[in-house]
Amino acid sequence: MQLIAAIVTMIAGVLACAVYFWATNFILDWIFPSKGLSGAAASRNLRITNAIRPWLFLAPALFALTIYLIYPVVQSVWLSFHDRGGQNFVGARNYDWMLSDGEFRQSIFNNFLWLLVVPALSTFFGLIIAALTDRIWWGNIAKTLIFMPMAISFVGAAVIWKFIYDYRAEGSEQIGLLNAIVVAFGGAPQAWITLPFWNNFFLMVILIWIQTGFAMVILSAALRGIPEETIEAAVIDGANGWQIFFKIMVPQIWGTIAVVWTTITILVLKVFDIVLAMTNGQWQSQVLANLMFDWMFRGGGDFGRGASIAVVIMILVIPIMIWNIRNATKESGGH
Amino acid sequence: MNPSTRSPLTWAVHLSVLLLVLLWTMPTAGLLISSLRDKDQLAVSGWWTALATSSRNAVARAPSADSQVERDGKFVISGNLLEGQGGGQISAFGFSSREPAKFKPGETAELNDGERLTVQADGGFEIVSDTKMEGSRGQRIFYTASTPPRFTIDNYIEVLSAAGIGTSFLNSLTVAIPSTVIPILIAAFAAYALAWMPFPGRAILLAVVVGLLVVPLQMSLIPLLQLYNGVGAFFGVPAKTYMGIWLAHTGFGLPLAIYLLRNYMAGLPREIMESARVDGASDFDIFVKIILPLSFPALASFAIFQFLWTWNDLLVAIVFLGAGEDSLVLTGRLVNLLGSRGGNWEILTASAFITIVVPLIVFFALQRYLVRGLLSGSVKGG
């Protein structure tokens with residue numbers, strides 16, 4: 001029932017969009033006809049329609065982008081200088097609070113750990129797997145299987161890994177894989193996700209598991225794009241496998257590696273679901289995105305503090321944003 | 001490389017890839033296998049032992065003296081230790097916790113007060129006494145039972161009927177499908193304008209779109225929540241509606257959609273469009289009749305991205321749809337179950353698998369488009 005309603009609404013929405021585009025174009029052509037007119041009038045009308053039509057095509061997208069992304073960015077910055085309800089100006093008090101708040105400092109520290117470890121390891125594994133799977137006949141099957149976690153939600157992945165980290169008291173049979181292995185080697189079982197500091201790494205493993213496939217797919221395409229001649233020349237010069245890989249191939253795909261790295265970095269800054277589902281920030285595993293979510297609803301919600309944490313995340317993203325824009329304009333300049 | 005060094009190297013490559021593949025698939029495989037196991041077995045043994053016969057030590061209490069029957073001048077209490085457990089074998093038993101495996105099945109144990117306990121391999125037991133037994137508590141019987149591996153879909157039946165997963169599945173579909181379709185249409189027109197229609201400010205607009213690609217969702221949450229509450233209050237409608245979340249997903253998905261589609265459309269050959277224009281086709285005709293059909297691969301790539309993202313999303317759903325019982329999407333439901341049924345792995349594994357099965361199907365069926373989309377989205381950006 002609900003699904004039917006959704007599909008009906010969806011079709012109505014799509015139709016409305018189609019009607020909008022069709023009707024606005026029709027009206028434009030009706031007001032400024034270019035067919036059937038002669039000479040100057042036709043070319044004048046053509047010029048006018050050509051000036052207006054792009055904006056008709058862009059209007060819905062610009063509207064949605066403004067409401068859902070541009071306005072909120074401005075508003076969040078504004079809110080970060082106001083109190084919990086968003087009415088009274090409090091200056092930089094939210095940021096003051098932030099700097100003295102232990103939980104915030106913990107989050108920043110953890111976020112930096114995530115930023116150091118996750119993009120590096122995901123890219124590293126992705127590169128290794130891409131290079132290895134290109135040499136074997138079942139490489140594509142292997143790639144599909146390693147790529148698969150990409151389709152799994154962070155929450156689903158959290159359940160999968162919580163099962164692996166599951167802990168039973170010493171002496172009873174472990175049903176979590178990790179503890180079973182530890183016990184098999186004679187160690188004592190641990191409640192992994194409650195170990196302060198180290199639990200961060202156990203959560204990071206989940207994101208690395210998900211993102212390696214992404215890195216692999218892109219780096220594998222980049223490796224295949226390397227000109228054969230450079231490798232052949234290296235082989236003739238007597239380079240061995242390692243040298244070819246690290247000295248000939250990797251330097252040629254630095255640009256792609258950087259793209260993969262920054263894409264994962266952005267994702268890491270926004271990581272929320274995994275922490276919420278695994279620990280909800282307990283045992284010193286808090287991160288910025290989860291802390292922000294927490295303040296949004298904690299005690300009825302403190303929008304000022306929540307917004308100021310969001311602004312911090314945004315500030316961390318800005319360098320990458322500028323770098324992306326620069327690359328994109330460089331590229332389209334050549335287009 | 002000569003053949004003699006090549007061979008061990010190739011083996012090393014095969015082996016290390018195999019190892020990596022195992023590492024990457026094992027977590028999911030464990031979840032799937034566990035979700036199909038009997039819940040009693042799941043709770044006491046690891047999923048990697050699923051095919052082995054599991055042996056467990058347990059204790060049961062015989063019925064109390066009230067249930068004794070008189071037979072041939074003797075008093076007898078009987079029953080079956082493995083009743084309701086779907087088969088198994090007793091390999092040892094005992095009557096005290098110090099020696100829980102003292103007797104083999106079929107043997108008779110002399111209890112302290114002249115009663116005799118016999119347990120058969122199939123779990124049947126008898127307590128026989130020459131005199132009438134007394135006491136309100138039944139005799140404790142310790143036993144070691146080995147249970148054959150058992151697979152069942154009971155966990156799924158239980159989860160679908162009781163844990164609210166069925167409703168949430170529908171909610172997720174209701175969120176994901178329109179959230180995928182609506183942005184495509186809007187973005188396609190915008191992408192065409194950015195790729196092929198000259199107008200002042202086009203380069204700046206493109207830069208803005210690229211910039212918006214990485215704006216963290218967190219920036220949007222609070223202002224939009226306020227906006228939705230305001231709009232809801234103004235029109236007297238609830239603030240948390242499906243319409244609201246569809247539009248939110250549309251807004252958040254648009255930068256990527258415009259960027260991907262523009263890159264693709266900009267790569268289409270100019271001649272096609274010019275010859276159509278010479279034939280008198282307007283931009284609108286060119287877009288609908290030529291560009292849109294040609295862009296199908298890019299549209300499919302984005303559709304897959306957006307579907308996976310909206311289906312797997314937790315944050316947008318709980319903020320804009322709420323965490324109420326009726327409106328929870330699958331990911332939200334799973335988080336709730338993690339909190340409330342954290343130890344019930346039969347519930348969690350089955351629920352988790354239901355939440356990931358749709359994306360996995362989409363992934364395996366349409367992987368080609370997904371890869372293509374990833375490549376056009378990222379490699380070109382560098």
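**View 1. Burial in chain B of a predicted model.** Of the 382 residues of chain B, 45% count as buried. Buried means that 20 or more other C-beta atoms, placed from the backbone, lie within 10 Å of a residue's own. The model is predicted: local features need pLDDT of at least 70, side-chain atom pairs count only at pLDDT 80 or more, and totals for chains, interfaces and linings use all residues. Residues are numbered from 1 along each chain as its sequence is written, and chains are lettered from A in the order in which they are written.

**View 2. The overall form of chain B.** Chain B has a radius of gyration of 33 Å, whereas a compact globule of 382 residues would have one near 21 Å. This radius is taken over C-alpha atoms, and the globule rule is 2.2 Å times the number of residues to the power 0.38. Along the principal axes, the C-alpha atoms of chain B fill a box of roughly 110 × 80 × 35 Å.

**View 3. Helix 5 against helix 7 in chain B.** Helix 5 (residues 202-212) and helix 7 (residues 242-266) of chain B pack at about 125°, with axes 8 Å apart. Axes are lines fitted to C-alpha atoms over the stretch in contact, and angles run from 0 to 180 degrees between N-to-C directions. Helices are DSSP runs (H or I, at least four residues), numbered from the N terminus.

**View 4. The residues that meet.** B:Val209, B:Val210 and B:Leu212 in helix 5 meet B:Pro255, B:Ile258 and B:Tyr259 in helix 7. Contact means C-beta atoms, placed from the backbone, within 7 Å. By class, this contact has six nonpolar, no polar and no charged residues. Nonpolar covers Ala, Val, Leu, Ile, Met, Phe, Trp, Tyr, Cys and Pro; charged covers Asp, Glu, Lys and Arg; the others, Gly among them, are polar.

Conventions:
Helices (H or I, at least four residues) and strands (E, at least two) are DSSP runs, numbered from the N terminus. Two residues are in contact if their C-beta atoms, placed from the backbone, lie within 7 Å. A residue is buried if 20 or more other C-beta atoms lie within 10 Å of its own, exposed if 12 or fewer, and partly exposed in between; C-beta atoms are placed from the backbone.
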